[in-house]
Every structure is written in structure tokens, then in C-alpha cells.
Amino acid sequence: MADPARLHAIGLGQDYPAALIAGLARRLPADDPAAWARVTIYANSGRMLRRLREEFDAGPPRLLPRLRLLTDLWNAAGFPEVPPALKPLEMKLDLAELLLRLMERGIVTAPRSAAFDLAESLAALLDEIHGEGVSPGAIAGLDVGEFAEHWKQGRLILEAVFDHFAARSDALPGAEAQRRRIVGTLAARWQATPPAGPVVIAGSTGSRGTTRMLMEAVARLPQGHVVLPGFDFDLPATVWEVLARERIEDHPQYRFAALMGALDLAPGAIRPWMPPEANDAARNRLVSLALRPAPVTDQWRAEGRKLGDLATASAGLTLIEAPSQRMEAAAIALRLRQAVEEGQRAALITPDRMLTRRVTAALQRWEIEPDDSAGEPLHQSAAGRFLRHVARLMEAEPDLPALLTLLKHPLAASAEGARGPHLRWTRELELYLRRQAIARPAGKDILGWIGKHEERRDWAVWLADFLGQVPRPDIAALSGHVTTHLALAERLAAGPESTGSGALWERRAGEAAREAMQELAEAGTRGGPINAYDYGTLLRGHLGGINLLDPLRPHPGVMIWGTLESRVGGADLAILAGLTDGTWPSLPAPDAWLNRPMRRAAGLLSPERRIGLSAHDFQQAIAAPEVILSRPERDEEAETVPSRWLNRLTNLLAGLGPEGAAALGAMRGRGRALLEQAAALEVPAARIPPAPRPSPCPPISARPRQLAVTAITGLIRDPYAIYARHILRLRPLDPLAPAPDARLRGNVLHKVMERFLKARDTWQDTTESARACLSEIARATLAEAVPQPSMQALWHARLMAVSDRLIEGELERLAVGAPVLTEKHGRLTLSEPDFTLIAKPDRIDRLATGGYAVYDYKSGTPPSPDMVLHFEKQLPLEAAMLERGGFGGLAPGSVEVLGYIAIGASGQDRMLESEGEGGRLADVTLDGLKRLITRYGQRQQGYTAIRAAQLTSFAGDYDHLARYGEWDLTSETVPALVGPEDTP
């Protein structure tokens, strides 16, 4: 049994590293300076080790003890009798291969794509099984008779895993299995030959089985010391008894109760390492009472009155209840900025990585970069992203967004002298591919971009050759995928005129990425043959498990810690943020293998035990000199629930009469002050008035003297769009990929009808042949223009649903005339005013009577006669042009029929009356156009934004330029002269 004299603890609120060293100084002989050199301290984390070193460096001068990490004890080099352990990647690959075989046999019912994720969770479970000392027999002996088939399957899989590794003698299944062997061997050695000097275990709570074994072994040593962190010396013995008896694992002190129970010790046997001098003993008593387990919360009434002055106990606490996550981050960043100004050492403690990113972004306002202990995941670094983008090339041909993402990445063509030309040609290629609506560019598309520009040839040939040589094998060994992947990545990083790998492997991220890829390559054929998608999944998980730390850039006084690091202490200000249930504490992770009763029966960790560890971190962190408790009242989806510990604290204070309510109100008041200051930062110094509704009046010479008939509707409804397009010469950027929207559908259906008419000689005999021809033409046209197969099928089905109506209408139209012009340009020049009208009619038929019929295809609802009279001028203007010889090759003649042909399911054909009360529709419309153009020939006439929108949901290409939103459709226009005056 461990010697109780060797078990010590440092209380809540004490600076653990400083107290540890001070306690050692009291126990070592003052007259023997070499005594320090014989001490070995094993710290639980790297941050604890650095803090200990900082304390020693601060003096007084003394010989340094041996400072080690607990992980140093797991070095198998000193234990040749212990077999090596499989590396995490090797373990994951072996388990994935086993799971894939079980999937093929039907034992595992999961998709193949989930194999690596399942392997990772299974490896974590195996580590826990070995760490807690659970034998395979305990798993095999679990009674699963009353459970669902899923849990029986989980036990079968675990048995298969145990059998798989039992057949191997060359390596142990994971690091935790090796660590337990090493601890057992080390304990036997120490029992025979104890170390010559003191051995100290610092900062560990013994929450894991292997670590607890080591702590017991150290406690048995003559000069061994186990110094527990964050021990609550204020907790009464009756509460310790309840914790042990009821197994209340979510209490922050339960791990110590379990440890004392395992060692058959009473709470008093754990002695203070140093006199418990907390930063704020009154606050510690308040928090300790608030966190009492549920069976004894009746003690709140009895002991709450003994807490003393509650205002003093809560004076160092601030409570931020932010209306949103963004405001929470803003208030935290502002307080961290204040800490820098005042010279405080501040730490943001939270498990919410999204919150830490928000705070980091907010701190950029003051050019403060916090020291984030978690670092940056490798897969989010430049090198990691580049490798992931290249890996996607191996899965499938890239679409245009994916190709541009890769080409514009900072590491693409990053060799010296290659980057500038590469970016230039990438931009020009992008504009070309957007304009051509090429959704998935191939080598032939890139070579087609060269045209007459020979200066582009070398770069285009390089890129086309690169894309053409991307192998996409069905399956291959992992090493084969890595070799191909690295060759592609280095070639793209080098650029067209360079060798090597550009800047891919440079700097810290590049070096880490190279090591990670080397580890994948060394795995060889582990995992069995995998396809490119599986390789991409494996790569993302592998790179995501590596974190990068940059010790040169962060601010030394602003830190971001995980909850485990709160036990290190050393911060003047601790900000405990993200205090919502589900974040801190986090929700238990789903276990695909064992349910709660099975875990309990096997002796594994329960979700409540993990919550208890998180509660212990909270209790240590809240004991800092100054503390801010922070939570958002809402997240992106709904209202949040306060963290159970924060809820207990506020409920306790609120229930302690007026004094407690006043203390809680003061905490909230300090938080509101921070929120108000953060909100004030976002208020501009001077109110910027909203932009007026624009109506620019450019010089007469700059105004367009030629427009298409389709633009006349725009000139009536949204003149500002005409100003932006034809005077400012601004064009909307073509989309990265043709979107399956109404515009694309209309264009495609127009093309279908044009081709259908040209093939009329093949289908005029029967309706059946016409329907077959229309279907074939529609399929071919949709395949050319629409990249999404699902939309191709949907639009084809919609077209064929109205095919009978379309064919019947075509037969009627062909019976009275024949198409003589489709999709060809025409031009009509007016003298008064000087203006040219151009058009490209959908269709003009020569009627048997000698006149003409002008038709316009509509994929939506055809406009009403009133809309044609006031806004939709295209069709009557085309008729006016035809009657005045505006279409070369067609003799002027009377237009007898004007109509819209509905080619969608949303409307019916609509014919227009060519004669009206004011005269012929074509003549009236042309006269109206002349008056409109004359009006815009005056300098004071402005191009008003959204003058006559058809719908309130109108969205134009230039709304952002007109600053629509700062004004609305009811706002008055403000004409403004722009540009120089015309010179005579």
C-alpha cells in the first residue's frame, strides 16, 4: 500500500508551481546545495514544466532538479523487456483494414467511407481499455442479452480486435498498453532498488488508470511525493463520504475521493504540501459550497449563512451574459486589451475553439496575437490546405472553383520568379472559363484559351499537361497514393519553369507537413488497398491530428488555455468563457462500441467522470486572483443553457437573501459595463448618413446611342443599370459555374426550340416522331449546357410534360407560315433622335398571306398586354424594325401576328393585338421609344435606380453599386450631374 505520508496536495487558489518549489525547499536540507540536483520532478503537461522552469529561473540561485514530463517515463528505450508499441497511424491503419474485412463479411454494418473514423474511435477505446487495466476477458464476459443488436455487434468487433492483436508478438496495440507495461516494470524495479533522490509527481489527478498506478508506485518510495493539484480542503468529511459512497463522479473532487478509496485513506491523510494560502479563501468557500453534490445541497441553507461577507467573496468575480457569441468575444477581447495596458498576465480558458478564434480575430484590432496553447492544426495551415487540395485532384476531375482554389493557393507556383506570371495567367484563364461557362475545365479547354496569344502557351501547356497526368486509380496501396500525391504537389508548387518543390516544405508548417507525409509513406501497405477517396479521408484526419505552435509571434501576457491548463495557474486574470451546457462541460461523445451499462460493467470511464474532471478544471480556474465568467445567452440556433456550475453559483447567491442578490447583481453589473464598452467600440465616431437614391446625369456625349430591344425594358424599369453597363462599362462577373437558375433554363430551352425547328423536316409527319425528336434534342442540349445531371433530368421531364402542347402549337404555326429567321441580329437606325436599335428575335415566320409573324419564347409566364404596353417593349419593337427593313435578307412587310410562345409549364401561349386604340402597336411603341430617347438626350435627365420595379423582391446586377438598402423604393431620387460638361 502507498505511504499516506507521501500523498500531498496544493489547495485551490494557490500558485501550484510556486507552491511546489517552496514545499520542496522546506523538505530539502538547507545545508546541502547538491540535494536539489538529486530531485526528479515529473510534470503532467508541457505548460506545467515551463512554469516550473520559470520559477527556478526567477531565483534564488540553486542547482536545478531533473525536470521531466510524465511522458518521458513511457520511453521504451530504458525497458528492453517491454515490446514496442504501434504508432497511432499504424494502429489506425491496422484497425481500418480489419474493419474493412469485417464489413465485407457483414459483421460491421457501416459504409466503407466510415472505416477510418471508426478505426480512430476504436483506437481511442483500446487505449482506454489498456489504460484502465480492463482485460479482454472482461469485455468478452459482458452480458449483452438485453441490449440491441448494435451493442452485441460492438462486443463482437472488440473480440475480433483482441484476437487480431493477440496473434501478434512484435508490437503492443497502442501506446497506452505499452505505458501500463512500463509502469508495472518500473514499479518492480523501484521496489527492488528505490531511486537515490526524491521523485515528485506534479500536477496529475490520477484520472487515468496508468497514471494512477505510477502515482501509487511513487507514493511507496522512501523519497517519493505525489502532489495533487486543486484539492478542496474546505470540503467537510461528510461530503467526502457521500462522494465515495454514492459515486458522484461529476463532482470536481470525486477523483480524489476515488483515489483515497483505492488507497484506503481518509480525507485527512492527504496533507497540505504548503500552508493553504489561497488568493481568496472566501471565494473558494463560496464556490465549494455551490458545487456540493445534489444529495447534500440542503447544506446551502445551513452553511450559506456562515460564508461571511458575500460582497467580499464575490468582489473578484465578473459575470458576462452576452446577447450573442460575437458580443461575448468582443467583450473578452476588450478586457484582454485592458490587461495588456495594465500589465496584467491574462488567460482565456475555454474548451470552445470557435470562441477562441473569434477572440483572436477581435484582438487583431490592437495587433495583439495571443499565445494559444492549442496552436494551429496542420490541416488548416497553408501547407496542409495545399496538400488537401491536391489530394482532391486524385479523387475526381476538378470543377472550376476547385481548380481556381488550387491555382490561387499561395504555394502554387511558389518557386522564385514563377509566382507573378502564374497569377496573371490564372486570372485571365478564370475570366475565359467563366465567360465560356465551362464547369469542369479539361486540358483541351485550357489549350483552347491560348488562341492567338502565344505568350500564354508555355503556361497553358504546363497546366493542361499537369491536369492530364493526374492518375485516378481505383485502388492502390497507401505508399502508392503518397508517392503520386507528393509528385503532383511538388510539381504544382514548383511551377511551369522550375524544378524542386517551390516553398511547399519551407517554414514550420512545411517542415511539419513533410514529416507527416513521410510518416504516411513509411506506413507502406498498412491498411490494405484503398481508393483515392479513402486516401483523402485518411490524409485529412492525419494532418488534423498535428498542431503547430509558433513561440515567436504571440504576446507573452495574453494566453489562451484549454481547461486542463487551468491547474498550472500563474495568471492575474482568468477569463472562463463559453460557460454553457454542452460546451463547458461538453456533451458526452457518442460511443459506437459500448453503452453506459457495458462501460460500467467493464470498469471503463463514464461520461460523468469526464464531466467531473472538467468541473475540477473549473474549480481551479475560478480560484485565480481576478476572474471573469462569460457565456452567450444565444448561439447561432437558439437560447443557450448556462453551465451547470455557473447555474449553481448564481442560484446559491440569489438564494442567500438580499446580500447574496446584491453580490450577484454587482457581478452582472461589472459584466454589463464590459459589454457596453465593447458595443461602444462598434459605434462610429460620427453618424454616416445613408446614401440617397441615385439618379446620375452623365454628359450627353457619354450616353449610349445604341441599345438592344431587350435593354429598353431596363431603361424603363431600372435606368441605373443602363448607366452602369453602357456608360460606366461595368459588367457583372460571370459565375464560376453555370447555376441552374431561371436564366440558364430559359437560355437552354431557347436553344432546344431553335434546334427543334431546324429539324422540322424530320418530324412534321406525326406527333410521335415530333415528340421523340424534341426529347432527343432536349437531352443533348441539356447535357451540353447544364453541368448537374439532376437538373438535366428535372428540366427534361418538365419540358416533356408540356411537349404535347408545344408540338400542337408548332403544327398550327407551321400550317400558316414558315420560319425565315431565328436568333439572327437586326439593326434599325433612327434619325430623330440619332439612335440605333438592335435586336435578335427568337423567331420570325413568313405567313402564307405574305405578312410576318414575330414570336418570342418564354420559359416563364408571358407578359400581359398591359405589361407590353408600359414596360415589355421587345416584341413590338422587333415588329417595328421588321416593317422598316431592320433585318437584312428580309424585305420590309406588315407584321400580322405578334405573340409569346410558352415553353415552360407556368403559362400558355399569348398572342397580342397588333392594332389598338392609339394605332398599330409597333408604331405606338416606336414613337414612345423616340420620346424616351429624346428625354434621355437632355443633360438634366438622370438614370434613376430601380425606377419601376415589377416586384418588391427585385434584384439587379448593380444594386450594390447603387447602395440599395441605404434607401428603398419609396425614397425620393436625387439627380446629380456627373462627369464634365459637353463641349460644343
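Predicted model: local features only at pLDDT ≥ 70, side-chain atom pairs only at ≥ 80, totals over all residues.
**Entry 1: R703 and its surroundings**

Setting aside neighbours within four places in sequence, I found R703 in contact with C697, P698, I727, Y936, Q938, R939, Q941 and Y943.

Next I asked where R703 is found. R703 belongs to the loop between β15 (693-697) and β16 (706-708).

Buried or exposed, I wondered about R703? Its relative accessibility is 3%, so I noted R703 as buried, since the cut-off for buried is under 20%.

I then looked up the polar partner of the R703 side chain. One of its polar atoms lies 2.9 Å from the backbone oxygen of Q941, and Q941 is also among the contacts listed for R703.

**Entry 2: the chain as a whole**

Stepping back, I counted up the secondary structure: the chain has 37 helices and 26 strands. With 984 residues, the globule rule gives 30 Å, but the radius of gyration is 38 Å, so I wrote the chain down as more spread out than a compact globule. For its extent, I noted that the C-alpha trace spans about 120 × 70 × 65 Å along the principal axes.

I also checked burial and contacts. Of the 984 residues, 50% are buried. Taking contacts between residues at least 6 apart in sequence, I saw that 77% join residues at least 24 apart.

The accessible surface of the chain is about 44800 Å², and carbon and sulfur atoms account for 52% of that.

Methods
Residues numbered from 1 in each chain as written. Heavy atoms only, no water. Helix = DSSP H or I, 4+ residues; strand = E, 2+ residues; numbered from the N terminus. Buried < 20%, exposed > 50% of the residue type's maximum accessible area, 1.4 Å probe, protein only. Polar contact = N/O pair within 3.5 Å; in protein donor to acceptor, adjacent residues only side chain to side chain. Contact = heavy atoms within 4.5 Å. Rg over C-alpha atoms; globule rule 2.2 N^0.38 Å. Areas by Shrake-Rupley, 256 points an atom, 1.4 Å probe, with all protein chains shown as cover.
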